[in-house]
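Here is a friendly walk through the contacts of one model. Have the sequence and the 3D view at hand as you read.

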Amino acid sequence: MSIPNTAAMPTVSFISGADGRIRRRLLMSRVFAWTCRFATYSALAVLIVLLVAIVYSSVGRLSPDFVTNTNSTNPVKAGMLAGLWGSFWLILFTSLFSVPVGVGSAVYLEEIAKENFLVRIIKVNLANLAGVPSIVYGILGYTVFRTSAATLSIWFDGNHAFGVLGLFRVRLAKLPIYEDNILVGALTLTLVILPTVIAASQEALRSVPSSIRVASLALGATRWQTIWRQVIPAALPGISTGVILSTSRAIGEAAPLIMLGALSYTTMCPGNIDSPVKLLTRPTQVLHAPLDQFTAMPIEIYDWSKQPKPEFTEVAASGIVVLLVVLLAINSLAMIVRHYASRRLKW
Amino acid sequence: MARSKTQAWASQRVFRYHEKLIQSVLFLCAALSVLTTAAIIMVLLGNAVYAPGEKKAFFEQVSLWQFLTGTHWKPVDGPAGRFGMIPLFSGTFMVALIASVVSVPLGLGAAIYMSEYAAPREREFLKPILEVLAGIPSVIYGFFALKFITPWILKPALGLVGLELGTFNTLSAGIVVGIMVTPLIASLSEDVIRSVPRSLREAAYALGSTRFDVSARVVVPAALSGILAAFLLAFSRAIGETMAVVIAGGQQPIATLNPLRGAQTMTSFMVHASTGDSAADSISRMSIYAIGIALFVITLTINLISGWILRRFREVYQ
């Protein structure tokens, strides 16, 4: 605490006894300012301590083979390759599902909908969905998506045939569909991040000045032409930043995925694709990957954190470092998009 | 001439159908969110309250009164099972309470500092830091609590006073959850504090108030309802927080108010039960849905109250 600098204080002494009171009040003011400053900067301190503690615990285990090995019960061999690939596929499909639906909803709510009862319900409902704990979406995913996948896996076990109009029978092919596959996980995560994606896209659409819409409509463009050729391109930087940030939230999300089943025991990469080259050279495996079992980075970290062997602390810390690096890369991407877009578009 | 006119009409009609189609597709996208809510409610009710078919729902086997007031949580099939949610409830509220004790002063202090004291440049530096703190995944906070806060900070500190701390404890879990929700309180409260009109501040300064007087006696009281809404939202977030609590809080469903011991929360029970291998229609599996309903109802209620307070606050100043 700094001692009040009497030289800088106004000396008000025309009321007897006021001098001491004013000094006390100014001291109080400074103490309060320092308390608030302390509260704010303690956030920075916590962040630094957290990062240092994690990086420090990862020293000794973090090495190139940590990202080329798959998981193992032996802490020296355990690696994160399967989790990295699992998260990659998850995020790929989560974005594929959530971007069209999320942007579509935002366009409807901001550009097309008139304020009526139904639209109000949708808006209130979106606000409430954003506050639903992510684990509740996990229950939904388990009950709806996983059960559907289980039904599909029975249909496609190679022994099922359907009669079509009593004329001929169609035998369903044998497809390796797992109950807890990538698509089930991605659909669940989509529901988790959809309210955020919609809110971010709405925000971006709202920041497009209405003069652009009016000008386009005045030139004879229809409403959809205006939205598709003028409004969406203008809002695109904002939308993509929001989408990228929500996606990075999905990467760290573990609770809804854990609800889907015993994911942490999987040590294989989805579709057995363990290098980017195989994405191009093994088309059949690429097609199998979405229906394959998976594990994800946060799930592996959870799994390692609860292992009783102390060596797994280092493994978990290394996993966290890898996850943080991935998140950092994604967030930098968002920042680059924002930076370039704000340079190009000005109104 | 006439022909081109009919052509123009025709193409316009095609346009109109085309537009209608697109608009309906977009409407379906927006309506999907309502469908999601409906699905959540159906799934929870359909397994907890009333199950069609031969499957028996949770509350068809355990009475609501037993569930709400029972003090033993032992989710096993057969006669040994006890389904009283008080232990999970107390664990959840312990964590949320500790989180509030940590996050309310920090978040409010940060909000006041950033809106009343910090220069714009300093604010531009502080805001992203809080965003980063909010963006760190929950699993990482769990690891931090279990492997760093408990053994390296709390154990030595409490050891000095002579208190015994368990490896898993609600204290460390509550602290990290508090750190996680601090940015939420800070940013929401800051928005609210900023929307307090300038004239109030200027009037107070003109009457000879110090900065402390202005912040603590004028601005914060004026923004109080909005700040309260932020606290409530953070509290509900803390109740729904999962991974950090699962990792650091332990898995014993004991009704205890001792933060030095481990306790199971509603969320950590759900994670624990879903990693087990009980049959899909067994009562131990069904109990997940019952706890899910409790969690959903509690968080939704708090969020609705918070939203209602925030709307009333906005009506006053905007």
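What follows looks at two interfaces in turn, and the model is a predicted one.

**Within chain B**

Chain B falls into domain 1 (2-48) and domain 2 (82-317). Their centres, taken over C-alpha atoms, lie 40 Å apart. Where they meet, domain 1 of chain B contributes 7 residues and domain 2 of chain B contributes 6 residues. On the domain 1 side, Leu44(B), Asn47(B) and Ala48(B) lose the most area to domain 2 of chain B, together 71% of what that side buries. By class, this side of domain 1 has 6 nonpolar residues, 1 polar residue and no charged ones.

**Between chain B and chain A**

Here the contact draws on 74 residues of chain B and 69 residues of chain A. Ile140(B), Phe143(B) and Phe212(B) supply 10% of the area that chain B buries against chain A, more than any other three residues.

The two interfaces can be set out as follows.

| Interface | Buried area | Share on carbon and sulfur |
|---|---|---|
| Domain 1 and domain 2 of chain B | about 580 Å² | 88% |
| Chain B and chain A | about 6100 Å² | 78% |

Which side chains form the salt bridge between the chains? Arg25(A) and Asp213(B) do, at 2.8 Å from N to O. The chains also share 14 residue pairs in polar contact. Several helices of chain B give two or more residues to its side, including α3 (86-117), α5 (138-161) and α12 (283-317). The most come from α1(B), with 19 residues. That side of chain B divides into 50 nonpolar, 18 polar and 6 charged residues.

Note on methods
Residues are numbered from 1 along each chain as its sequence is written. Chains are lettered from A and ligands numbered from 1 in the order in which they are written. This is a predicted model: local features need pLDDT of at least 70, side-chain atom pairs count only at pLDDT 80 or more; totals for chains, interfaces and linings use all residues. Side-chain values use heavy atoms; hydrogens and water are left out. Domain bounds come from an automatic or database domain assignment. Contact means heavy atoms within 4.5 Å. Buried area is the accessible area (1.4 Å probe) that two parts lose on being put together, summed over both. Ala, Val, Leu, Ile, Met, Phe, Trp, Tyr, Cys and Pro count as nonpolar, Asp, Glu, Lys and Arg as charged, and the others, Gly among them, as polar. A salt bridge is a side-chain nitrogen of Lys or Arg within 4 Å of a carboxyl oxygen of Asp or Glu. A polar contact is a pair of N or O atoms within 3.5 Å; within protein, one must be able to donate a hydrogen and the other to accept it, and residues adjacent in sequence count only if both atoms are side-chain atoms. Helices (H or I, at least four residues) and strands (E, at least two) are DSSP runs, numbered from the N terminus.
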